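Subject: Structure handover

Hello,

Please find the structure below. My notes on it follow.

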Amino acid sequence: MKKFINFLKDKFALPTFFADLQLRVIALTVLGIAIAASVIALIIEPIFGLIFLVAIILLVGVIFYGFEVLSKNTNQYVSDLSYRIKRGEQEALIQMPIGIMLFDTDYEIQWVNPTLQKYLGDRSVLGRKIKDVDADLATLIEQHQEDDVSRIVDWGEYKFEITLQAKVGALYLLDVTHSAKIEQRFIDQQIVIGQIFVDNYDEITQTMDDQGVSNLSNYLTNRLSNWASRYEMFLKRVDEDHFFVLAYAQSLAKAEKNKFQILDRIREDTSAQNFPITLSVGFAYGSDNLADLAVTSQNNLDLALGRGGDQVVVRAKGQQARFYGGKTNPMEKRTRVRARMISQALQGLFTQVQDIYVMGHNHPDMDAIGASLGIRRIAQMNNVKCHIVLDQSSIHSDVQRLVEEIKRYPDLIQCVVTPEQALAAATAKSMLIMVDHSKPSISISPELYHKLEQRVVIIDHHRRGEEFPENPMLTYIEPYASSTCELITEIFEYQPTDAEPLNKIEATAMLAGISVDTQSFAQRTGTRTFDAASYLRSVGADNSMVQRLLKENADDFIQRNHLIDGMEMVRPRIALAAGEEDQAYDPVIAAQAADTILRLAGIDASFVISRRVDNVIAISARSLGDFNVQIIMEKMGGGGHLSNAATQLKDTTIEDAKKQLITILNQQDQTDQDQQS
């Protein structure tokens, strides 16, 4: 009978109750048929019918007795199963390797399982507030009570995966310390590839005798080898001025924590011997592909060199870079050979294109416009048509005066086009030259850049930032040059001599560009700067016109002095001036205000915050060179030079920008103190 019932349960997948009910109906039906048959049999054959009836009655008794036994056994089975399930649940709560805590709305502990009690020690916890039992655990609960998913947290010396059901007052802690250690070990032992380059090795050693060169080489090798050994890195010298580094990620993290002070030590030691050596370093990590790491480390080294050298760039592939060092002005190591190579490279590129578009950064200054005019003339010398992209609705008064002068030259003014005209006319045979900037996002027309991004040339004197065209056809970035006009002026010396040279307005505009970026030859000037100015004067640059172009309007003068009037000292020898929230200032006025503040006694760095006409908050930063304003501006999304930098902030206020700047200045001050200690 049991087998028959079990067969029905399995066959029809019926619950016990419905299976029993079905059997009872079948039994009663069979009984009814049997009684009917017995009655018929009694009528036909009374003796046989009586025997059959007795047999049926006995069979029915046996069946119903079986039903009673079956029902009793089933109830016993269900009861036993329910007990075992409840007992299993209780044992699981007590024995499972997950810490469990129940607490009420007042955060008083109502129950903990033995697993969690193990981490709490022998302390009595029931009925006590969580913060009184363990303040760190109470803080974790407070921090994660709104989380919808599990989080990995630190509690004491362990790591836990925390799940919190705040509504029901339940806390679950899974100890993942072991797996976390394995994961951390994997992260710590990731391969790091680094490259170290001696920025000015050739310049320093060319005046030394053989013994001096040997001593310097031995000093560098010993210093760097000791540094690498300290951090358990493998270092191999592959050239006179080039070292290769192989390390684990944990070694790189230790060196980062120390801020790569090896750069300062080497620079200070060699400066004391009158041959200051600086290093540029690129580290790459975060990939299992060694070839990718090698390429990324080279890119990071190029970035460090493009920013002027004397610094370290650490970056994983596809992530933001971290910068260390960069405290000194880049040393001039540009040679005539470099300028000649760039000139020849440009001539080669000109033969591959149909026309050229040249543009500076948005709100262009005199250096950007002068450089654009210079590139147009070089293109004309090589029989290539060149268009100057300029948005005349967003230029300062000095550039506006220059544009008015250019209108007197019909062949020149017709080459000036709007961003919309350039975007519509550019073709697959066009080339774009970006001057005085290398960040596509700040170009006069980012759309034009994206259209021609496979055919881009960059000529700039600012330090290279993270945002940079991916595959430029030619890059000429010299951070130690005074201006882009200076770089382009040198290129003219290697252009065809039978072509028409610079005319008066072009030469004057380029001289004005150099004058603006050097504060009338007072800052960031070298012998090459004066050579370039001399050349421009020799081909007709008018110094009196430069003075007229750079004259200030009375309104600009008043606005600049109004900005300066609100100056305050936010740190020792660091001044900050901020405009009003509802007053728009021209970026040039803000930059001039920063320059003026810097000329005051007792000020090493100046910052001016103002709102532009396009509702963007702009910050101009200046320093005398001892304070790196570029690092500060980069932390706010901008960039520039060690002594001349800026940034633009959207969707914020002057007050918020001021607070952010002061916070970064305080952090930088603390970092400098830590490094000194």
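Phe243 is buried in this predicted model, with a relative accessible area of 0%. Buried means under 20% relative accessible area, exposed means over 50%, and partly exposed is in between (1.4 Å probe, protein chains only). Phe243 sits in strand β8, residues 242-248. Helices (H or I, at least four residues) and strands (E, at least two) are DSSP runs, numbered from the N terminus. Leaving out residues up to four places away in sequence, Phe243 touches Gly194, Gln195, Ile196, Val198, Thr221, Leu224, Leu235, Lys236, Arg237 and Val238; contact means heavy atoms within 4.5 Å. Phe197 is 46 residues from Phe243 in sequence, but their C-alpha atoms are 6.5 Å apart in space.

Two notes on how to read the values. Residues are numbered from 1 along each chain as its sequence is written, and side-chain values use heavy atoms, with hydrogens and water left out. As the model is predicted, local features need pLDDT of at least 70 and side-chain atom pairs count only at pLDDT 80 or more, while totals for chains, interfaces and linings use all residues.

The chain as a whole comes next. The protein chain has 26 helices and 23 strands, and 46% of its 677 residues count as buried. Among its contacts with a separation of 6 or more, 63% are between residues 24 or more positions apart.

Two further buried residues are worth looking up. Ser610, in strand β20 (residues 605-611), has a relative accessible area of 1% and is buried. Apart from neighbours within four places in sequence, Ser610 is in contact with Tyr585, Ala590, Val616, Ile617, Ala618 and Ile654. Gln630 belongs to helix α25 (residues 629-634) and counts as buried at 1% relative accessibility. Not counting residues up to four places away, Gln630 touches Arg307, Arg463, Gly639, Gly640, His641, Leu642 and Ala645.

How many residues of helix α19 are buried? Eight of the eight residues of α19 (484-491) are, and they include Thr484, Glu486 and Glu490.

The structure holds 11 aromatic pairs. Rings of Phe, Tyr and Trp (its six-membered ring) pair if their centres lie within 6.5 Å; planes under 30 degrees apart count as stacked, over 60 as edge-to-face and the rest as tilted. Phe521 and Phe530 form a stacked pair, 5.6 Å centre to centre with 25° between the planes. Phe521 is partly exposed at 24% relative accessible area, and Phe530 is partly exposed at 43%. One aromatic cluster is made up of Trp227, Tyr231, Phe260, Phe283 and Tyr324.

Last, the second largest pocket. A pocket is an open set of points on a 1 Å grid over the protein atoms alone, where a 1.4 Å probe fits, with protein on both sides within 12 Å along at least five of seven lines; lining residues have an atom within 4 Å of a point. The second largest pocket is lined by 37 residues, and Asn299, Asp302, Leu303, Gly306 and Arg464 lie nearest its centre. Elements giving two or more residues to this lining are β6 (191-198), α8 (201-205), α12 (290-306) and β17 (474-477). Helix α12 supplies the largest share, eight residues.

Regards
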